[in-house]
Amino acid sequence: MCGIVGYIGKNEAKPILLDGLKRMEYRGYDSAGIAVLEGTNISTCKKEGKLSNLLSALESQEITGRVGIGHTRWATHGQPNDINAHPHSDCRDEIFIIHNGIIENFHELREKLKKHHELTTETDTEVLAHLIEDEMTEGVLLEQAVQQALSHVVGAYGIAVVSSKDPEKIVAARLGSPLVLGIIGEGEFIIASDPTAIIPYTREVVYLDEGEIVTVTPKGYDIRTLENITVTKDVTKIDWDVAQAEKQGYDHFLLKEIMEQPEVIHNGIRGRLIPEEGVAHLGGFLQKEEEWRKIDRITIVACGTASFAAKIGATMIEEYAGVPTRVEIGSEFRYKKPVLDDRTGVIVVSQSGETADTIASLREAKRHGSLTFGIVNVVGSTIAREVDSGAYIHAGPEISVASTKAFVGMVNIFALVTIALGRQREMSLVTGQRIAKELTDIPKLMDQVLALDKQIAKIAKKYYALDHAFYMGRKYNEPIAYEGALKIKEISYLHAEGYAAGEFKHGAIALIDDRFFSVFIAPQDSVYEKNLSNIQEVRARGGKVIAVTTEGNTDMENFADDVIYIPKTLEMLTPLLSVIPLQLFAYHVAKLRDCDIDQPRNLAKSVTVE
Ligand code: F6R
């Protein structure tokens, strides 16, 4: 995820900015840059890739000054390259801005600005620089121009801005993307999106709230709302150490990433879902809208966790868009003789965008003339570059090796793809509206499930010492059984199998004894009664059962040893909620078994070999 740092004070800004960027490296990024003011002169340097590239470039460029901003970028709009790296500037290179977040109406703003501005990058951020330029007329202060410019913006941002027209000042604002002001001493301040960049300099901080804008000068700081109302805020003392700060106070990245899932859904639907019209505006889909209209079957290719998201996607597409859809795992698809043609759409799904088996499958599909679409997290990755079009997941960097937030991000995009495909076909306005409305509500329902963490930790204590588990579900939650089993295997080394609940009686049931426990994902949906029968089959053989079911269904307490309740939602969206207790359960079991949760043995984050 992008990182922001800004400094104003008595010392040279450059080393402090670079130190801040270094400390935020753990968040993941693909380019970095700084802008430093000395009087009315602004120097800037930005480079694709690791910070070492920026440092090398700075060896041949003298940059001095006591006011500056720095950024690490995790690409969301446009390739990770030197041009798209932040800071971005206006036409006259008088205003420099760094930005975290996504500007939803950037296409619209860009089209307007293009008429009298020169836009040179593919980013959404650049439009902000030009919007500020328009507002910065004679006598207008930087903070006033920023405030005015932001009134045209729809989306999420954390920004920091400097200008040679109003030097000795940093203006920063937040809406949906965090910012913290650190008070180092008199006339000396540091601002950052992440406290890790601040802690080495000071522990006295002011957290900016949503819709606040701060103006920092050597004389002090002033915080207002975007509506220009002055705000008085308490100074807080940070009591985390650096390692804790990286994980924002969580013990592990895995837990942090599980907790970020509501935000992933927000980011994925932001600017794409129009609930009142029951439509999904996926740029990559609209680009090829006519080709997708002609598609009469779909193959989805993915590996591991991404393939389970794909299975959910396939069920959604068949049920709501009526397009026959199958899922193939990359390592198999590439060696089969796939029956593909120009009426087969191929969707490839990958967090990293670099999984070798998925890339090879994509290339095979392209050789057969199929229309390809990528659902990818890492911007500018190989898959993102090679597909005909696609949709980014917008989950931010996933640092823990086991995938959690990218998974829900993929399912989220599949819901959007389902609406897009469905509305091209038979899906009614009312159905489109219903899915869109329910999807919009998912983040707050996820918050309710995440609040069950303590209860789930208690349940984990009862089971962590057992060595075998079955995870079972049906229809939309059959893939959740596979995902739940994979998660616990990966991070806790407890042996687990995912099963379609109805298939279990055809053999595997022989294994049930008191050394096993079974996890049933059984929300009150169209297959609930069937699931219940399968639960009874296990209980009748002395098997212990943990059930995930819908809130209010207390009847389940008569059938299962432990029950975890999730809120009600549309059946096709239940996986977005039901997966969370399984992620948390795996996490707590792994913790009790003293495992290396973020870096499990034998695993790599991205599998770039066959
Ligand atoms: C499981 C996990 C893996 C990946 C798989 C595909 O937690 O992380 O199963 O899902 O290796 O990776 P991507 O999505 O990067 O293609």
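Colleague: What is the relative accessible area of Lys605?

Modeller: Lys605 is partly exposed. That label sits between buried (under 20% relative accessible area) and exposed (over 50%), using a 1.4 Å probe and protein chains only. The value for Lys605 is 28%.

Colleague: What kind of model is this?

Modeller: Local features need pLDDT of at least 70, side-chain atom pairs count only at pLDDT 80 or more, and totals for chains, interfaces and linings use all residues; residues are numbered from 1 along each chain as its sequence is written. Side-chain values use heavy atoms, without hydrogens and water, and the model is predicted.

Colleague: Which residues does the "active site" annotation cover?

Modeller: The annotation comes from an unreviewed UniProt entry. Such annotations may be inferred rather than shown by experiment; feature names are shortened and positions follow the numbering used here. The entry covers Cys2 and Lys605.

Colleague: Is Cys2 buried or exposed?

Modeller: Cys2 lies in the segment before strand 1 (3-8). Strands (E, at least two residues) and helices (H or I, at least four) are DSSP runs, numbered from the N terminus. The relative accessible area of Cys2 is 11%, so Cys2 is buried.

Colleague: Which residues does Lys605 touch, leaving out those up to four places away in sequence?

Modeller: Lys605 lies in the segment after helix 20 (574-592). Contact means heavy atoms within 4.5 Å. With sequence neighbours up to four places away left out, Lys605 touches Gln351, Glu398, Ile399, Ser400, Val401, Ala402 and Ser403.

Colleague: Where does UniProt place "domain: SIS"?

Modeller: The entry is unreviewed and gives two spans. Residues 288-427 are 46% helix and 20% strand. Residues 459-600 are 37% helix and 21% strand. UniProt places the feature at 288-427 and 459-600.

Colleague: Are helix 8 and helix 16 roughly parallel or antiparallel to each other?

Modeller: The axes of helix 8 (261-269) and helix 16 (429-450) come within 8 Å and cross at roughly 175°. Axes are lines fitted to C-alpha atoms over the stretch in contact, and angles run from 0 to 180 degrees between N-to-C directions. Under 35 degrees counts as roughly parallel, over 145 as roughly antiparallel, 65 to 115 as roughly perpendicular and the rest as oblique. The two helices are therefore roughly antiparallel.

Colleague: Which residues of helix 8 meet helix 16?

Modeller: Helix 16 brings residues including Leu439, Pro443 and Asp447. On the helix 8 side, the residues are Gln261, Pro262, Ile265, His266 and Ile269.
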